[in-house]
Amino acid sequence: MEIFRLAGKPTEKHSFLFNGDFVDRGSWSTEIALTLYAYKWLYPDKFFLNRGNHETDDMNRMYGFEGECRAKYTERVFKIFSESFSALPLATLIGKKYFVLHGGLFSDDNISLEDIRKLDRFKQRQPGQSGLMMEMLWTDPQTQPGRGPSKRGVGLQFGPDVTKRFCEANNLEAVIRSHEVRMDGYEVEHDGRCITVFSAPHYCDSTGNKGAFIKIGPEYKLKYTQFEAVPHPNVKPMAYASNGLSGMI
């Protein structure tokens, strides 16, 4: 609601793209997901949703969305959400200039936009531990060239040279991704070709970071808006996460 207050609500002439991780970010995941789906139904050609690594069964079990669905609704509601998550697009191409996906780039330099288009997201419901879908949802940028192991234990990290080659091979200006907290809400890396935008301010009520979103105008220029967290009802953050993560049921 704060994003819509700042940026304006979606309309037929005002498009939005949300870049994954709609759920597991707090204690109102069902309300957020239903709001986004309602706008998708209302403006199917103007409102867009990419899948994130938290629109997956394993993460929902650990970080609280499955528990939230059980507490507020039923097990069946979670299964319906899970099925819907497997149908979400993995990436969006804006103006043939900006490649937007939740995680990042690939372990293979030869991956092209056409390879991504051929990926059957309906056949493979969950990303697994390897492969194209997993990398699109899980990888992160690094400052040093080349590729390195992921600090997450899943996926990998990719350097500015990897981003440069991917953009040049696919005639792109930049890759826009999310997936990682940025204290200023966004960060431009890899000589301007890798942009991280993170729209959850004061992440899990503990990080103190700003949130941000990007406006892309008719000439495809990027304008960044930062914002602070607003007060929420007196409910614990991550109230439905597993005990190992939050220390509460």
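Predicted model: local features only at pLDDT ≥ 70, side-chain atom pairs only at ≥ 80, totals over all residues.
In which kind of crossing does α4 pass α5, left-handed or right-handed?

1. Start with the opening question: the crossing of α4 past α5 is right-handed. The residues that make the contact are Phe65, Glu66, Cys69 and Arg70 on α4, together with Glu75, Val77, Phe78, Phe81 and Phe85 on α5. Sorted by class, this contact has 6 nonpolar residues, 3 charged residues and no polar ones.

2. Now look at the geometry of that pair. Helix α4 covers residues 65–72 and helix α5 covers residues 75–85; their axes lie 7 Å apart and meet at an angle of about 140°. That angle makes α4 oblique to α5, because only angles over 145 degrees count as roughly antiparallel.

3. Next comes helix α2, residues 29–42. At 1.5 Å a residue, its 14 residues should span 20 Å, and this agrees with its end C-alpha atoms, which are 20 Å apart.

4. Which residues of α2 are buried? They are Ser29, Thr30, Ala33, Leu36, Tyr37 and Tyr39. Their cover includes α1 (2–7), β1 (16–19) and β2 (47–50), and also α4 and α5, the pair from the points above.

5. Finally, have a look at two backbone angles. Most residues other than glycine have a negative phi. Asp21, in the loop between β1 and α2, is not a glycine, yet has a positive phi of about 60°. Asp21 counts as buried because its relative accessibility is 11%, and the cut-off is under 20%.

6. Asp205 also has a positive phi of about 60° without being a glycine. You will find Asp205 in the loop between β10 (194–197) and β11 (211–216). With 33% relative accessibility, Asp205 counts as partly exposed.

Methods
Residues numbered from 1 in each chain as written. Heavy atoms only, no water. Axes fitted to C-alpha atoms, helices over the stretch in contact; angles between N-to-C directions. Helix = DSSP H or I, 4+ residues; strand = E, 2+ residues; numbered from the N terminus. Parallel < 35°, antiparallel > 145°, perpendicular 65-115°, else oblique. Left-handed = near helix turned anticlockwise from the far one by under 90°. Contact = heavy atoms within 4.5 Å. Nonpolar A, V, L, I, M, F, W, Y, C, P; charged D, E, K, R; others polar. Expected span 1.5 Å × (residues − 1). Buried < 20%, exposed > 50% of the residue type's maximum accessible area, 1.4 Å probe, protein only.
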